[in-house]
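This report sets out selected structural features of one protein chain for use in computational work. The sequence and the model are shown first.

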Amino acid sequence: MSTSAPSDADHTKVVKSESEWRSCLTPEQFRITRQAGTERAFTGPYWDEKRAGLYECVACGAPLFRSETKYNSGTGWPSFFQPVSPEAVVTHEDVSHGMRRIEVRCASCDSHLGHVFPDGPAPTGLRFCMNGTALSLKTDDEADRGV
């Protein structure tokens, strides 16, 4: 799977220095989103979340996934079968840790989100296995209240 970066007409890129990212993210959010870290299974936020809403990038607030595409993969990380749009994320081959995987990044700010695997449910057959720490959830209840 390969996704090219969206054109400038599609997205405004969020660019910050390392110190700017450090000042707006917690140490764990920084480690995961800016240093391509991974939280341990069953420890991060949202792996067992059931509320309806929009999952956004914790670093820049870009919309990434809707709760309707979230499912229980049994892996201990929030898993989705598709992003809100093909332009929301970009993918890159990742050969770190002696494995060949497809890394998923936020198209707006290039934050590491997780990986995508070809073992998900219909209709896409994909499993976007995300670090919950890289996400924030804006519940539909919050959106209805204007929060």
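The sections below treat strands, a helix, a loop, cysteines and pockets in a predicted model.

Strand β7 (112-117) is joined to β6 (101-106) by 4 bridges, and the two strands run antiparallel. Within this pairing, Val-104 has Gly-114 of β7 as its bridge partner. Strand β7 is also joined to β8 (residues 127-130) by 4 bridges, again in an antiparallel arrangement. Here the bridge partner of His-115 is Cys-129 in β8. Because 5 of its 6 residues are buried, β7 is largely enclosed by the rest of the structure.

The hairpin formed by β6 and β7 has 5 residues between the strands, and Asp-110 in this hairpin adopts a positive phi near 70 degrees. Ser-111 belongs to the loop between the two strands and is buried, its relative accessible area being 0%. Beyond its neighbours within four places in sequence, Ser-111 makes contact with Thr-33, Arg-34, Cys-57, Ala-59, Val-104, Arg-105 and Cys-106.

Helix α2 spans residues 27-35, and its buried residues include Gln-29, Phe-30, Ile-32 and Thr-33. The buried residues of α2 pack against α1 (18-24), β6 and β7. One of them, Thr-33, is also among the contacts of Ser-111. The helix is followed by Ala-36, which has a positive phi near 55 degrees.

Gly-37 is placed in the loop between α2 and β1 (53-57). With a relative accessible area of 9%, Gly-37 is buried. Apart from neighbours within four places in sequence, Gly-37 is in contact with Arg-31, Ile-32, His-112 and Asn-131. The C-alpha atom of Gly-37 is separated by 26 Å from that of Arg-51, which lies 14 residues away along the chain.

## Cysteines

Cys-24 is partly exposed, with 37% relative accessibility, whereas Cys-109 is buried, with a relative accessible area of 3%.

The largest pocket has a volume of about 290 Å³. It is lined by 17 residues, of which Thr-38, Arg-101, His-112, His-115 and Asn-131 are the closest to its centre. Strands β6, β7 and β8 each contribute at least two residues to this lining, and β7 gives the largest share, with 4 residues. By class, the lining consists of 5 nonpolar, 8 polar and 4 charged residues. His-112 and Asn-131, both of which lie at the pocket centre list given above, are also in contact with Gly-37.

The second largest pocket has a volume of about 170 Å³. Its lining comprises 13 residues, and those nearest its centre are Trp-47, Lys-50, Lys-70, Tyr-71 and Asn-72. This lining divides into 4 nonpolar, 5 polar and 4 charged residues.

Notes
Residues are numbered from 1 along each chain as its sequence is written. This is a predicted model: local features need pLDDT of at least 70, side-chain atom pairs count only at pLDDT 80 or more; totals for chains, interfaces and linings use all residues. Side-chain values use heavy atoms; hydrogens and water are left out. Buried means under 20% relative accessible area, exposed over 50%, partly exposed in between (1.4 Å probe, protein chains only). Contact means heavy atoms within 4.5 Å. Two strands pair if DSSP finds at least two bridges between them. On a 1 Å grid over the protein atoms alone, a cavity is a set of points where a 1.4 Å probe fits but cannot get out, and a pocket is an open set with protein on both sides within 12 Å along at least five of seven lines; lining residues have an atom within 4 Å of a point. Grid points are joined across faces, edges and corners, and a volume is the space filled by probe spheres set on the points. Ala, Val, Leu, Ile, Met, Phe, Trp, Tyr, Cys and Pro count as nonpolar, Asp, Glu, Lys and Arg as charged, and the others, Gly among them, as polar.
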